[in-house]
Amino acid sequence: MNVLLDNLALFREGFLGTLWLTVVSALLAVVLGLVIAGFRVSPVPPLRIFGTLWVNVLRNTPLTLLFLVAFFVVPKVLFPGVNSFVLAVCACGFYTSSFVAEAVRSGINTVPMGQAEAARAIGMTFTQTMRIVVLPQATRTVVPPMSSIFIALTKNTAIAGAFDNVDLFNIQKTLSNDGYDIAVIFVWITLGYLIITYAINGLFRLLENRLEVAR
Amino acid sequence: MSASVLFDAPGPKARVRNLIYSVVGSIGLAALIAWVCYRLYDKGQFAGELWDIFNYAGIRQNIFDALLSTLKVFALAGVFSLAFAVVLCVARLSDHKPVRWVAVVFIDLFRSIPLLITIFALWVGIVGDMTPMWALVLGLTIYNGCVQAEVLRAGVNAVPKGQVEAAYALGLRKTQVTASVLFPQAVRSMLPSIISQLVVTLKDTSLGYIILYPELLYSARLIANNTPVGGVYPTVQTVIVFGAIYIGLCLILAWLAKFVEQRGRRSKAGIVPAQANEPKEVAAAGTPDPGAPGDAASKD
């Protein structure tokens with residue numbers, strides 16, 4: 001019996017679940033990460049403190065603990081009745097946002113000081129300096145670490161599967177209950193993850209080539 | 001570039017504006033915190049009795065045992081993964097093509113597979129029966145071994161060519177060159193990155209929760225579920241306590257990495273240690289090596 005062909009619908013559901021979770025939490029992570037990185041270099045002390053705290057706490061917490069909070073504390077205390085997908089997106093997105101923020105911040109740090117000084121000298125404000133001069137240049141150095149972060153995110157979404165969110169890892173439970181050989185199941189599931197991670201890798205290669213500028 | 005270059009020394013208008021932002025920002029944050037606190041209060045999570053559970057000797061013993069089993073897995077996985085990394089790194093840099101290829105494929109494959117799947121597959125018995133502890137240790141060893149091997153390789157590649165040439169000129173054999181010239185310098189320059197990866201290893205021991213290994217997170221769940229106080233389960237309290245333990249452990253290691261890096265910076269001998277990147281997400285699928293000397297921070 002062929003595990004993949006017999007359960008194509010289930011595999012498709014799992015694959016799309018993983019893909020969807022990855023994409024949505026990546027978007028959340030990028031938006032939040034940019035905001036937090038902005039906080040960390042901003043002239044407003046409370047925001048700077050908040051940014052530093054956010055990054056340090058989330059980066060040093062195991063993702064499994066965040067999932068525990070998301071799935072057992074948040075629905076009980078803060079928002080009753082949120083579905084598991086949103087919770088998984090929050091856990092993955094918040095966790096990854098701290099890594100994105102650090103990548104963006106170190107990208108900002110690689111922009112030569114003279115660029116920001118020049119922008120300031122011609123009278124640009126903080127937001128203008130960031131938007132027009134610093135961030136476009138930082139993008140080039142931020143893209144390579146971003147691909148690592150997204151690939152790591154894809155792999156981390158497997159943990160959501162262990163917390164009853166439907167994804168590639170989650171469907172192994174159903175399949176092994178149906179009596180299929182566990183080794184074969186894992187080969188196909190692994191292949192699903194490899195497809196996504198290699199696709200991200202390829203996409204970012206393309207992006208890097210396009211952004212590459214001779215200096 | 002320090003943050004201060006990004007904005008002018010504030011004049012009177014900007015100072016007022018920054019003050020307004022500060023106040024608004026603070027009020028916003030305070031409102032958020034207050035709202036969370038209110039919800040917690042509303043659900044009766046602030047009752048003092050809920051914290052009393054941590055006064056019981058039994059609970060304390062539980063936490064201590066869980067901490068020990070987490071540290072045990074971490075120590076075993078740390079040592080094994082470093083030993084495995086040396087083997088993989090030597091294979092990866094071997095002069096024999098087949099050996100090199102096996103190492104490349106192995107490293108690329110296991111860095112791309114989610115660690116949870118490796119651990120779970122080992123646990124359900126793909127390669128024979130395994131206790132949760134050994135499944136966890138073995139899974140962590142394989143994954144982190146692959147990552148550390150790449151870190152070591154970056155270190156070996158950063159050793160100036162003249163060193164190897166000089167060693168060969170002195171008549172050392174290949175093994176001697178690797179063991180007494182390349183690796184000591186690679187380990188020295190990569191120590192901060194290696195410790196940062198150990199932080200990741202420590203965080204990943206929490207995956208033991210999923211395969212029912214009684215480590216910190218698993219015992220947190222047990223305590224939260226088995227000791228209701230007046231009908232309320234102390235989930236928030238246990239999460240705070242166990243979260244603090246994890247963050248404390250990770251920060252100690254991260255601080256160690258920083259310390260090693262700074263100590264290396266001070267001494268002028270040898271090659272400069274790579275930056276300590278603290279816990280860092282590590283990719284797979286043939287992306288550039290993590291923490292190679294001269295990555296992000298030293299460009300430009």
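# Exercises on a two-chain helical model

Covering the buried residues of α5(B) are, among others, α7 (126–162) and α9 (182–211) of chain A, along with α4 (97–112), α6 (132–158) and α8 (174–204) of chain B. The model is predicted.

**Exercise 1. Determine how many residues of α5(B) are buried, and list them.**

Step 1. Take the count. Nine of the nine residues of α5(B) are buried, and the helix is mostly covered.

Step 2. Name them. They are B:Leu115, B:Leu116, B:Ile117, B:Thr118, B:Ile119, B:Phe120, B:Ala121, B:Leu122 and B:Trp123.

Step 3. Look just past the helix. There B:Gly125 has a positive phi of about 95 degrees.

**Exercise 2. Find which residues touch the most other members of the largest nonpolar core.**

Step 1. Start with the core itself. It holds 127 residues.

Step 2. Pick out the residues with the most contacts to other members. From chain A these are A:Leu66 and A:Ala91; from chain B they are B:Leu116, B:Ile117, B:Ile119, B:Leu136 and B:Leu253.

Step 3. Ask which helix gives the largest share. That is α7(A), with 14 residues.

Step 4. Follow one member, B:Leu253. Setting aside residues up to four places away in sequence, B:Leu253 touches B:Ile195, B:Leu198, B:Val199 and B:Leu202.

**Exercise 3. Describe the side of chain B that touches chain A.**

Step 1. Count the partners. On chain B, 57 residues are in contact with 57 residues of chain A.

Step 2. Locate the helices. α1 (12–42), α5 (115–123), α9 (216–226) and α10 (235–266) of chain B each provide at least two residues of this side.

**Exercise 4. Compare the UniProt annotations of chain B with the model.**

Step 1. Read the record. An unreviewed UniProt entry places "transmembrane region" at residues 20–41, 73–94, 101–126 and 236–257 of chain B.

Step 2. Check residues 20–41 of chain B. The span is 100% helix and 0% strand, and its end C-alpha atoms lie 30 Å apart.

Step 3. Check residues 101–126 of chain B. Here the span is 81% helix and 0% strand, with end C-alpha atoms 25 Å apart.

Step 4. Turn to the domain. The unreviewed UniProt annotation "domain: ABC transmembrane type-1" covers residues 67–257 of chain B. That span is 80% helix and 0% strand, and its end C-alpha atoms are 22 Å apart.

**Exercise 5. Decide whether B:Val181 is buried, partly exposed or exposed.**

Step 1. B:Val181 sits in helix α8 of chain B.

Step 2. Apply the cut-off. A residue needs 20 or more other C-beta atoms within 10 Å to be buried, and 12 or fewer make it exposed. B:Val181 has 19 C-beta neighbours inside 10 Å, so it counts as partly exposed.

Step 3. List its contacts. Beyond its neighbours within four places in sequence, B:Val181 is in contact with B:Gln163, B:Val164 and B:Ala167.

Step 4. Take one pair. B:Val181 and B:Ala167 are 14 residues apart in sequence, and their C-alpha atoms are 7.4 Å apart in space.

**Exercise 6. Summarise the fold of chain A.**

Step 1. Count the elements. Chain A has nine helices and zero strands. Its pattern along the sequence is α-α-α-α-α-α-α-α-α.

Step 2. The C-alpha trace of chain A spans about 70 × 45 × 25 Å along its principal axes.

Step 3. Of its 215 residues, 49% count as buried.

Step 4. Finish with the contacts. Among contacts in chain A with a separation of 6 or more, 75% join residues 24 or more positions apart.

Technical notes: Residues numbered from 1 in each chain as written. Chains lettered and ligands numbered in written order. Predicted model: local features only at pLDDT ≥ 70, side-chain atom pairs only at ≥ 80, totals over all residues. Contact = placed C-beta atoms within 7 Å. Helix = DSSP H or I, 4+ residues; strand = E, 2+ residues; numbered from the N terminus. Nonpolar A, V, L, I, M, F, W, Y, C, P; charged D, E, K, R; others polar. UniProt positions renumbered as here; feature names shortened; annotations may be inferred. Core = buried A, V, L, I, M, F, W, Y, C linked by C-beta atoms within 7 Å.
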